[in-house]
Amino acid sequence: MEKLRGTDIVVADGIYFCPVLLAEYLDALRVDFFTVAFLTPISTLYFVPSPLSYVPNMRTGSTDRMNFLERLKNVLVWLVTSWIQRTLYYAGHDAMKAKHSIKPGLSALESKQNAELVLFANDFALDIPQPLNPGTTCC
C-alpha cells in the first residue's frame, strides 16, 4: 500500500465497492466507470432524476409506457431494491469502513456518491428515454 501513497486519482469500475475504500484510504479523487445501462438503481445513486412513474426499474422488464399495474410493480421493485442496498449491501461496507477506520464520518452510501466524475459507456439512444440533470452531457 505504501507504493500507492501519493496517488492523485483512482479510476475504477463503479459496480464494485473496493475502489471506493481504496480512494478514501489514499485520500484520492475517484472516477467511476460503468458499462451498464443508465437506469435505476445506479442513476438514483448519483442523483439523476428517475421518476418511478416514467422510468422503469431495470429488473421489471417494463418499457416507458407502463400501465397502472406495471407502475405499481416498478415502485415495489424499487422499494425492495433500495431496502436490499441499504440494509444488506451498504451495512456490511459501513462495518468494514469502521473496522479499518476509513473515513468513519461518512456512510458507505455517502462514500459511493462522492465520485468526482461518473462515466457511462453505453448508447443513450438505446436506453429508455429519461430526464437528465442540467449538468449531464451525452456525447
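This is a predicted model: local features need pLDDT of at least 70, side-chain atom pairs count only at pLDDT 80 or more; totals for chains, interfaces and linings use all residues.

**Stop 1: helix α3**

Select residues 68-99, which make up helix α3. Now look along the helix for a bend. α3 bends by about 40 degrees at Y90.

Go to the N-terminal end of α3, which is capped by N67. A side-chain oxygen of N67 lies 3.1 Å from the backbone nitrogen of L69. Then jump past the other end. Just after α3, S101 has a positive phi of about 50 degrees.

Next, show the side chains of N74, T81, S82, Y90, H93 and K97, which are buried in α3. What do the buried residues of α3 pack against? Their partners are α1, α2 (42-45) and α4 (108-112).

**Stop 2: the aromatic cluster**

Select F17, Y89 and Y90, which form one aromatic cluster. The whole structure has four aromatic pairs. Start with F17 and Y89: the ring centres are 6.5 Å apart and the planes stand at 85 degrees, so this pair is edge-to-face. F17 sits in the loop between β1 (9-13) and α1 (18-26), while Y89 belongs to α3, so the pair ties together parts 72 residues apart in sequence.

Is F17 buried or exposed? F17 counts as buried, at 4% relative accessibility. Y89 is partly exposed, with a relative accessible area of 33%. Y89 also pairs edge-to-face with Y90, at 4.9 Å centre to centre and 75 degrees between the planes. Y90 is buried at 5%, and α3 bends at this residue.

**Stop 3: salt bridges**

There are three salt bridges to visit. Select E24 and K97 for one of them; the closest N and O atoms are 2.6 Å apart. E24 is in helix α1 and K97 in helix α3, so this pair links parts of the chain 73 residues apart. Both partners are buried: E24 has a relative accessible area of 10%, and K97 has 2%.

Move to K103 and D27, whose closest N and O atoms are 3.3 Å apart in a salt bridge. K103 lies in the loop between α3 and α4, and D27 in the loop between α1 and β2 (29-34), so the pair ties together parts 76 residues apart in sequence. K103 is partly exposed at 36%, whereas D27 is exposed at 59%.

Now pick D32 and R30. Their side chains meet in a salt bridge, 2.9 Å from N to O. D32 is buried at 1% relative accessibility. R30 is buried too, at 4%.

**Stop 4: Q113**

Finish at Q113, in the loop between α4 and β3 (117-120). Q113 counts as partly exposed, at 22% relative accessibility. Which residues does Q113 touch, leaving aside those up to four places away in sequence? They are R30, L45, Y46 and F47.

Definitions and conventions. Residues are numbered from 1 along each chain as its sequence is written. Side-chain values use heavy atoms; hydrogens and water are left out. Rings of Phe, Tyr and Trp (its six-membered ring) pair if their centres lie within 6.5 Å; planes under 30 degrees apart count as stacked, over 60 as edge-to-face and the rest as tilted. Helices (H or I, at least four residues) and strands (E, at least two) are DSSP runs, numbered from the N terminus. Buried means under 20% relative accessible area, exposed over 50%, partly exposed in between (1.4 Å probe, protein chains only). The bend at a residue is the angle between axes fitted to the seven residues ending there and the seven starting there. Contact means heavy atoms within 4.5 Å. A polar contact is a pair of N or O atoms within 3.5 Å; within protein, one must be able to donate a hydrogen and the other to accept it, and residues adjacent in sequence count only if both atoms are side-chain atoms. A salt bridge is a side-chain nitrogen of Lys or Arg within 4 Å of a carboxyl oxygen of Asp or Glu.
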